[in-house]
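Good morning, everyone, and thank you for making time for this.

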Amino acid sequence: MQESARPRRSVLYMPGSNARALEKAKGLDADCLILDLEDAVSPGEKPQAREMVAEAVRSQGYGRRELIIRINGLDTKWGEDDLTTACAAEPDAILVPKVERASQVQEIVSRMEIFETPSKLWAMMETPLAMLNAAEIASASPRLSAFVMGTNDLVKDMHASHTPDRLPVITGLGLCLLAARAYGLTILDGVHNAIKDEEGLRAACLQGKELGMDGKTLIHPAQVAITNEVFSPSNEAISSARRMMAAFEEAKAEGRGVAVVDGRIVENLHVLEAQRVLAMAEAIAR
């Protein structure tokens, strides 16, 4: 089952080897921080970055922000040490790159259980095989709680192109969305590469929200504000949700199974969505 409402609108990658960036992150308005040991760290810096990230998590200086450590794959020479150190640091979650099969999830989980870490497991979904195996991956372990879409790698592996409408990756996003919703996982959209392209970022966020994403991964702090705005319930949506719930309760009291709000039929399924919207609004307000 999916965790209770917790905002994961903005999920910002932070390079684990950059002490200044790790310190700056304590004042950013991102819901989640991915402290990265993989792509953002050069091979020569990985051992030092591993210790810096672990210390950052143990410092408990990030307030309400959810902390995730992205490790290198276990098929690399850094993966084993990354996983051992991450388990000891006990972040909110450990993010594993290039997950393609359920067996990978199960192997990581078995190792995490040896260390008795309370951390959840998040999976990077970034290859064609991952898209095709999304359902089996999503159902591999109760410890797995989120999919993180790696659209840059997916585009590369498909020999596709980055387009404003993201049509080349829509099929993959859809497959992972279906699997995430079927098995109660959070799902986070891929990054928007153009840091200064606010209009493009907003469009990508709106598309992700319309598709059903819970939030978006980001590569720069300047992207946080727009992402938070788009993935937050609007005042109009909150007002509509409250009217739906009030009208439905009134209809039930009168022995009716449906209500009418703003000229539209409101049934139980609409009430469930209204409850989700209000729960998220309350979680953001907290």
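Is Glu254 buried, partly exposed or exposed? In this predicted model, Glu254 is partly exposed, with a relative accessible area of 49%, and its side chain meets that of Arg256 in a salt bridge at 2.7 Å, N to O. Arg256 also counts as partly exposed, at 39% relative accessibility.

A search of the whole structure finds 24 salt bridges, and I will pick out a few others. Asp82 and Arg50 pair through their side chains at 2.6 Å, N to O, and this pair links distant parts of the chain, since Asp82 lies in helix H3, residues 79-89, and Arg50 in helix H2, residues 46-58, 32 residues apart. Asp82 is buried, with a relative accessible area of 1%, and Arg50 is buried too, with 8%. Asp157 and Lys156 form a salt bridge at 2.7 Å, N to O; here Asp157 is partly exposed at 30%, whereas Lys156 counts as exposed at 53%. There is also a network of salt bridges, which links Arg9, Asp29, Asp31 and Arg64.

Let me turn to the helices. H7, residues 151-158, packs against H8, residues 167-182, at an angle of about 115°, with the axes 10 Å apart, and the two are therefore roughly perpendicular to each other. The crossing of H7 past H8 is right-handed. On the H7 side, Thr151, Leu154, Val155 and Met158 take part, meeting Pro168, Val169 and Leu173 of H8; by class, that contact has 6 nonpolar residues, 1 polar and no charged ones.

Definitions and conventions:
Residues numbered from 1 in each chain as written. Predicted model: local features only at pLDDT ≥ 70, side-chain atom pairs only at ≥ 80, totals over all residues. Heavy atoms only, no water. Axes fitted to C-alpha atoms, helices over the stretch in contact; angles between N-to-C directions. Helix = DSSP H or I, 4+ residues; strand = E, 2+ residues; numbered from the N terminus. Parallel < 35°, antiparallel > 145°, perpendicular 65-115°, else oblique. Left-handed = near helix turned anticlockwise from the far one by under 90°. Contact = heavy atoms within 4.5 Å. Nonpolar A, V, L, I, M, F, W, Y, C, P; charged D, E, K, R; others polar. Salt bridge = Lys/Arg side-chain N within 4 Å of Asp/Glu carboxyl O. Buried < 20%, exposed > 50% of the residue type's maximum accessible area, 1.4 Å probe, protein only.
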